[in-house]
Amino acid sequence: MKELKLDDYSIIKPYLDLANYEGYNSNFVTMMMWNHEYHIQYEIHEHFVVMLHNYKGTQFWAMPFTSPQYYREAIDYMLV
């Protein structure tokens, strides 16, 4: 997994658009504002992007960034 950096915006943006989430934590600016606390890592796959947050020793996934048709594929990946 790669650490999320400001320079990754153009790579991540198409997947954020596909997901079309309305939550504040799905906004790239918010991710970057809080990245010093959550130490976000990401991984790009053919149909989706997954992001792993690391907060004070606890790791958790964000919702996968993809279109609804690929939710199952992304979630199956995260469960492994």
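What do the buried residues of H1 pack against? They pack against H2, S2 and S3. Keep in mind that this is a predicted model. Here's a quick tour, starting with that helix, then moving to the loop that follows and on to the strands.

**Helix H1**
- H1 spans residues 9-19, and its buried residues are Ile-12, Tyr-15, Leu-16 and Ala-19.
- Those four sit on the same side of H1, because they cover an arc of only 105 degrees around the axis.
- Just after H1 comes Asn-20, with a positive phi of about 55 degrees.

- Ser-26 counts as buried because its relative accessibility is 16%, and the cut-off for buried is under 20%.
- Leaving out residues up to four places away in sequence, Ser-26 touches Leu-16, Tyr-21, Met-31 and Phe-65.
- One of those contacts, Leu-16, is also among the buried residues of H1.

**The strands**
- S1 (residues 2-3) pairs with S2 (residues 41-44) in the antiparallel sense, over two bridges.
- S2 also runs antiparallel to S3 (residues 49-55), and four bridges join them.
- Getting from S2 to S3 takes a hairpin of four residues.

Methods: Residues are numbered from 1 along each chain as its sequence is written. This is a predicted model: local features need pLDDT of at least 70, side-chain atom pairs count only at pLDDT 80 or more; totals for chains, interfaces and linings use all residues. Side-chain values use heavy atoms; hydrogens and water are left out. Buried means under 20% relative accessible area, exposed over 50%, partly exposed in between (1.4 Å probe, protein chains only). Contact means heavy atoms within 4.5 Å. Two strands pair if DSSP finds at least two bridges between them. The arc is that of the directions from the helix axis to the C-beta atoms.
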